[in-house]
Amino acid sequence: MSVAAPAIRVAGSEAGLADALATVLTDCVERGASVGFMAPLARDRAVGFWQRVIASAGRGERILLVAELPGRGIVGTVQVILDLPKNQPHRGEVAKMLVRSDARRCGVGRALLVAAEAAARDRGRWLLVLDTVTGGAAERLYRSLGWTAVGEIPDYALWPDGRLCSTTVFYKRLAGAPERAGA
Ligand SMILES: CC(C)(COP(=O)(O)OP(=O)(O)OC[C@H]1O[C@@H](n2cnc3c(N)ncnc32)[C@H](O)[C@@H]1OP(=O)(O)O)[C@@H](O)C(=O)NCCC(=O)NCCS
């Protein structure tokens, strides 16, 4: 069965956005993703988190992207954090890459990451970093799009059920980046 391509857009402050994103986040945490929250994740905590993210995006501190599938609404999201120290104006941090479990393996994550890279580049951010659970689906996604693994930090975070998990740190220099300093 062919699946429609996701539509990726920058999220604004439209009604229902925090609720829709809370549904995506809650689904990911319930399915065992280590993305900053423990299970069970209360609805008001999830909605409150997204309300703060949306406000932060409104202040220009981050880019908030959402992915929609026809007839299914928002099925995924990712952020590029721009609010970094003054001596790192060329850098962005990719965070909270989340795809609803019923929409996975049909290219939503890849489309979000491609769009996040393009949006970062448009803002002059040519060096991106992120961290993700070692050995998971996300790590394969990042590697497949040319991200470089820097190293692994054992026992960095917790799974939603409380077990420790390791994290791998990645970076990517985007097209058009200057020559490496000292290279
Ligand atoms: C990681 C995640 C965002 C991937 O989203 P997705 O929409 O399923 O990803 P895509 O369909 O675009 O997959 C792109 C590529 O990533 C890799 N990939 C993604 N999921 C994979 C899996 N379960 N197993 C192996 N490879 C996988 C593959 O290379 C895939 O390409 P292919 O389908 O052509 O083989 C999704 O699994 C998710 O939301 N997980 C829970 C939250 C999470 O852990 N986020 C990461 C935070 S850093």
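**Close-up views of a predicted model**

**View 1. The shell around the ligand.** Of the 20 residues around the ligand, the ones that come nearest are R104, G109, R110, A137 and L141; a residue is near a molecule if its C-beta atom, placed from the backbone, lies within 6 Å of it. This is a predicted model, where local features need pLDDT of at least 70 and side-chain atom pairs count only at pLDDT 80 or more, while totals for chains, interfaces and linings use all residues. Numbering starts from 1 along each chain as its sequence is written. At least two shell residues each come from β4 (91-99), α3 (108-122) and α4 (137-144), and α4 gives the most, with five. Helices (H or I, at least four residues) and strands (E, at least two) are DSSP runs, numbered from the N terminus. Sorted by class, the shell has eleven nonpolar, five polar and four charged residues. Here Ala, Val, Leu, Ile, Met, Phe, Trp, Tyr, Cys and Pro count as nonpolar, Asp, Glu, Lys and Arg as charged, and the others, Gly among them, as polar.

**View 2. Where α1 meets α2.** The axes of α1 (residues 17-30) and α2 (residues 43-58) come within 8 Å and cross at roughly 120°; axes are lines fitted to C-alpha atoms over the stretch in contact, and angles run from 0 to 180 degrees between N-to-C directions. That makes α1 oblique to α2, the word for angles that are not under 35 degrees (roughly parallel), over 145 (roughly antiparallel) or 65 to 115 (roughly perpendicular). On the α1 side, L17, A18, D19, L21, A22, L25 and T26 meet R43, A46, V47, W50, Q51 and I54 of α2, with contact meaning C-beta atoms, placed from the backbone, within 7 Å. This contact has nine nonpolar, two polar and two charged residues.

**View 3. T134 and its partners.** T134 sits in the loop between β5 (127-133) and α4. Leaving out residues up to four places away in sequence, T134 touches E139, E152, S166, T167 and T168. T134 and T167 are 33 residues apart in sequence, yet 4.9 Å apart in space, C-alpha to C-alpha.

View 4. Most residues other than glycine have a negative phi, and most peptide bonds are trans. A39 and P40 are joined by a cis peptide bond, with omega about -5°, and P40 is in the loop between α1 and α2. R105, in the loop between β4 and α3, is not a glycine but has a positive phi of about 60°. D155, in strand β6 (residues 148-158), isn't a glycine either, and its phi is positive at about 55°.

Note on methods:
Contact = placed C-beta atoms within 7 Å.
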